[in-house]
Structures are given as C-alpha cells and as structure tokens.
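Subject: Structure handover

Hello,

Here is the structure I promised. Please open it alongside this note, and my findings follow below.

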Amino acid sequence: MVTVPRLVIAAPASGSGKTTVATGLMAAFAARGLAVSPHKVGPDYIDPGYHSLATGRPGRNLDAYMCGTELIAPLFAHGSAGCDLAVVEGVMGLYDGASGQGELASTAQVAKLLKAPVVLVVDASSQSRSVAALVHGFASWDPRVRIGGVILNKVASDRHEALLRDALDESGLPVLGVLRRAPQVATPSRHLGLIPVAERGADAVDAVRAMGERVRAGCDLDALMALARTAPALPDETWEPANAPARGPRPVVAVAGGAAFTFAYAEHAELLTAAGAEVVTFDPLRDEKLPVGTAGLVIGGGFPEMYAPELSANEPLRRAVTELALDGAPVAAECAGLLYLARELDGRPMCGVLDAGARMSDRLTLGYRQAVAVSDSALAVAGTRMRGHEFHRTVLEPGAGTTPAWGLHQPERRVEGYVQRGVHASYLHTHWAASPSVARRFVEHCRAR
C-alpha cells in the first residue's frame with residue numbers, strides 16, 4: 001500500500017497564492033530534513049521548476065485529462081516513492097477543470113483520486129466575515145472533497161487577522177496559517193505566466209528561500225504535517241517505465257535544455273532511458289555541437305521567442321540540427337521545438353528544417369486538445385489517438401505541412417504540425433506516460449539508423 005502523507009494545496013481562484021504557499025511548504029519541510037515529493041495538478045511546466053528547487057527532487061505533473069484518471073495515483077506513487085511527505089499544488093480554482101467536461105482534470109478530482117486532504121488558500125485582502133461563507137461554500141460543495149484547513153493569504157494587519165479568525169471559528173475548519181502581504185517574494189511573470197527557474201538563476205533561489213521562510217513563520221507546520229498523515233493508504237499501484245529488452249548499443253537521444261527550452265515532463269526522459277536510449281541534455285543557447293553520437297533529437301517547449309537573437313547567432317548548432325534532420329534522424333519537436341525548426345522566428349533565422357515562419361502574437365492559444373496522428377512518424381502510427389495541450393502566444397505560417405502531424409478535434413477540427421523525413425513537429429504538448437509506446441517507437445527509430 002502507498003502510505004505517503006500528503007496535502008493538496010488549492011484555492012477558490014487563480015491568483016490566490018497557491019504557488020507561494022505550496023512552494024513555501026515544500027521548502028519549509030525540506031529545511032526540516034524531510035524528503036518532500038513535489039507535484040502539480042494540470043499541464044503546467046513552470047511551477048514544477050520552483051517545486052524542484054525547493055525540494056531537490058523532480059517536479060511532477062498529475063494531469064487527469066492527458067494521462068487519464070486511472071494513472072493519477074500510480075504516477076503519484078512513482079514520484080513520491082521513499083518520501084516523507086508529498087505536497088500537490090492545485091490548478092486554477094479548486095473545482096475548475098477541463099472546459100465543458102465537469103470535474104475532469106480539476107484539483108478536486110485529483111484530491112479525490114489521491115484521497116488527500118485539501119488546504120484551501122484564501123486571498124483575504126478584501127474581506128473579513130465573508131471569508132466564512134466562502135470557505136463554507138467550498139467545503140460543502142462536494143462532500144467527497146475533504147478540506148482540512150485554511151491558510152489566509154494577503155492579510156493586512158493584526159486586526160484584520162482577528163476578524164478573519166473570528167469568522168472562521170463558525171466554519172469548523174482550522175486556520176493553519178496566516179500570511180501577510182509580502183511583495184518582496186513575488187515571482188515575476190510575462191506572457192505565459194511565471195518566468196522559469198532556469199532563466200532566473202540566483203534570483204529564483206532567493207525567491208524560493210523567501211517563500212519557505214514566509215511559510216515557516218506564518219503557518220503551523222506541525223498541524224499541517226498531522227493533517228497530511230490523515231490521508232489513508234492508496235492501492236499499491238505504481239507507474240513504472242517498463243524496461244525494453246537489451247538490443248545492442250544504446251542510441252544517444254539528445255534532449256534540448258537550458259533557459260530557452262525548459263518545458264519537459266520528468267517521465268519522458270525516464271521512458272526514453274527505459275526504452276534503451278542514452279539521454280544526453282544539451283543547451284541550444286551555448287553548445288555549438290550536438291552530443292557525440294546523437295541518433296535522435298527531442299526539442300520540447302519553452303521560450304525561444306525570448307532568446308531568438310541568441311538561438312539565431314548559434315549558427316554551428318543550427319547547422320548541426322538541420323543536417324541531422326535532413327539525414328532522416330528521428331526528431332520530436334513540441335511548441336518551442338517547432339519554432340526552432342522553422343525558417344525564422346520574429347525575423348531571426350532558425351534551423352530552416354520546416355518551410356514556415358513564426359512570429360509573436362497578441363492572441364493566447366490555450367487549452368486541452370483531442371488529437372489523432374494523421375500519418376506514420378517516429379512517434380506514432382497513423383490513427384493513434386492522444387490527448388494534449390496547447391499553450392503559446394506565437395503563430396506559425398503555414399500551421400501545417402503537406403503531411404500534418406495531428407488532426408485536432410477540440411475545440412474545432414483542424415490539422416496541425418509537420419511530419420517530414422524523421423521529423424515530427426507540432427504545437428501540441430503530450431504526456432508520454434499515457435502512451436509509453438511513443439518513447440519505445442522513437443528509440444527504435446533511433447536504433448535503426
């Protein structure tokens with residue numbers, strides 16, 4: 001049985017302070033010497049970077065839409081194995097999920113699947129007694145969601161705190177923490193949310209340390225740990241990347257990293273390794289060559305638009321990527337990787353593997369997608385169905401090649417992306433834990449070169 005103590009950190013709405021509280025709790029408990037397992041509900045890549053910095057462990061996502069409800073507990077068990085505590089940061093408001101699909105992919109659904117108590121983070125900056133009505137409504141909406149306490153955020157003064165506590169006395173839920181307004185620990189944002197850890201360096205370390213100190217000073221860590229220990233055991237079902245039979249030398253799969261390519265799920269590298277690959281990370285901003293022996297290339301998401309001049313200036317690496325792709329090597333590119341393979345990005349030359357131009361846009365494209373592979377590729381055979389997520393403020397023209405990568409069926413029908421030679425390039429982010437055959441097929445194509 002899986003008996004890891006656990007908490008889900010949720011809120012009535014986005015902007016209430018979930019990330020500050022969740023990351024601060026992770027840092028505060030880790031500072032006590034506990035092994036803390038960090039998790040994030042939904043497809044978000046950025047918050048897990050801060051979680052990883054706070055705990056020293058990979059930040060992992062729990063996405064019931066992309067991976068299916070049946071994998072949530074097994075993925076949690078995989079990530080939290082051997083830990084003293086798991087902290088799960090929610091997404092949006094507690095009951096908000098995939099658009100038009102009820103509770104699917106909501107924090108509430110994940111809390112129920114994990115049988116985990118919920119701590120509700122409430123922005124109390126513009127209310128006093130009304131906080132009790134708000135908390136009561138969230139606690140009673142779904143009796144299967146167990147809210148175990150409240151952390152009050154953005155509290156203005158001692159008097160304000162007293163008013164809030166008096167009101168919540170009537171709710172029956174304990175106040176487990178009170179955090180005052182503290183702009184000095186705010187994390188900067190831009191067009192797609194928080195700025196990733198990899199781009200902030202020492203500033204990110206300082207921010208996480210400040211979050212931990214703030215939470216340690218304002219929250220009852222002993223009470224929170226006691227609440228976490230009330231979570232019942234889960235069935236002993238752990239997700240594992242199945243090892244492939246040994247078939248000769250391990251092909252080198254180069255995975256883009258560094259400040260421009262920060263979006264990656266930890267399970268992808270684990271799946272590639274289990275499938276028989278030697279995974280080597282490289283930085284397109286700094287490295288002028290691909291790793292020695294590269295047989296395949298994975299370029300995930302990130303912010304190439306913020307580093308277009310630097311990426312463009314690294315001509316030796318752009319040439320190496322182009323030559324590898326033209327030689328037919330398997331290349332899997334998602335979102336930022338798609339832009340990097342394009343002819344240009346905001347007028348700056350990129351790799352030119354795809355005859356398409358990319359530019360920044362004022363329009364945010366965001367949401368879950370149902371997809372079907374249009375043609376055979378290094379990732380999937382035609383007809384393979386997957387679920388994914390789009391998240392970008394860029395436009396690629398044309399948006400699909402003569403052989404598109406995906407046919408999308410939500411919210412509208414369209415084709416998208418490029419399949420040519422060994423390249424599979426698309427805006428769609430996917431989670432390979434839901435379809436391990438993707439990694440196995442990719443490595444087999446690399447091995448066949």
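Tyr45 and Tyr265 are both buried, where buried means under 20% relative accessible area, exposed over 50% and partly exposed in between (1.4 Å probe, protein chains only). This is a predicted model, in which local features need pLDDT of at least 70 and side-chain atom pairs count only at pLDDT 80 or more, while totals for chains, interfaces and linings use all residues. Residues are numbered from 1 along each chain as its sequence is written, and side-chain values use heavy atoms, with hydrogens and water left out.

**Aromatic pairs**

Rings of Phe, Tyr and Trp (its six-membered ring) pair if their centres lie within 6.5 Å; planes under 30 degrees apart count as stacked, over 60 as edge-to-face and the rest as tilted. That rule gives seven aromatic pairs. One of them is Tyr45 with Tyr265, stacked at 4.5 Å centre to centre with 25° between the planes. The two are 220 residues apart: Tyr45 is in the loop between β2 (36-41) and α2, and Tyr265 is in the loop between β10 and α11. Helices (H or I, at least four residues) and strands (E, at least two) are DSSP runs, numbered from the N terminus.

Phe263 and Phe303 also pair, edge-to-face, at 5.4 Å centre to centre and 80° between the planes. Phe263 sits in the loop between β10 and α11, and Phe303 in the loop between β12 and α12 (308-313), 40 residues apart. Phe263 is buried at 5% relative accessible area. Phe303 is buried at 0%. Tyr45, Phe263, Tyr265 and Phe303 form one aromatic cluster.

**Ala260**

Ala260 is in the loop between β10 and α11. Its relative accessibility is 1%, so it counts as buried. Contact means heavy atoms within 4.5 Å. Leaving aside neighbours within four places in sequence, Ala260 contacts Leu285, Gly301, Gly302, Phe303, Pro304, Tyr307 and Leu311. The C-alpha atoms of Ala260 and Glu412 are separated by 30 Å.

**Second largest pocket**

A pocket is found on a 1 Å grid over the protein atoms alone: an open set of points where a 1.4 Å probe fits, with protein on both sides within 12 Å along at least five of seven lines; lining residues have an atom within 4 Å of a point. The second largest pocket holds about 750 Å³ of space, counted as the space filled by probe spheres set on the points, which are joined across faces, edges and corners. Its lining has 35 residues, and Phe261, Thr262, Phe263, Ala264 and Tyr265 lie nearest its centre. The lining divides into 22 nonpolar, eleven polar and two charged residues. Here Ala, Val, Leu, Ile, Met, Phe, Trp, Tyr, Cys and Pro count as nonpolar, Asp, Glu, Lys and Arg as charged, and the others, Gly among them, as polar.

**Cores and α5**

A nonpolar core is a set of buried Ala, Val, Leu, Ile, Met, Phe, Trp, Tyr and Cys residues joined through side-chain atoms within 4.5 Å. The largest has 112 residues, and Ile9 and Leu114 are among those touching the most other members. Helix α1 (residues 18-31) gives the most to this core, seven residues. Apart from it lies another core, of 39 residues, including Ala260 and Met350.

Seven of the eight residues of helix α5 (residues 107-114) are buried, so α5 is largely enclosed by the rest of the structure. Just after α5, Lys115 takes a positive phi of about 50°.

Best wishes
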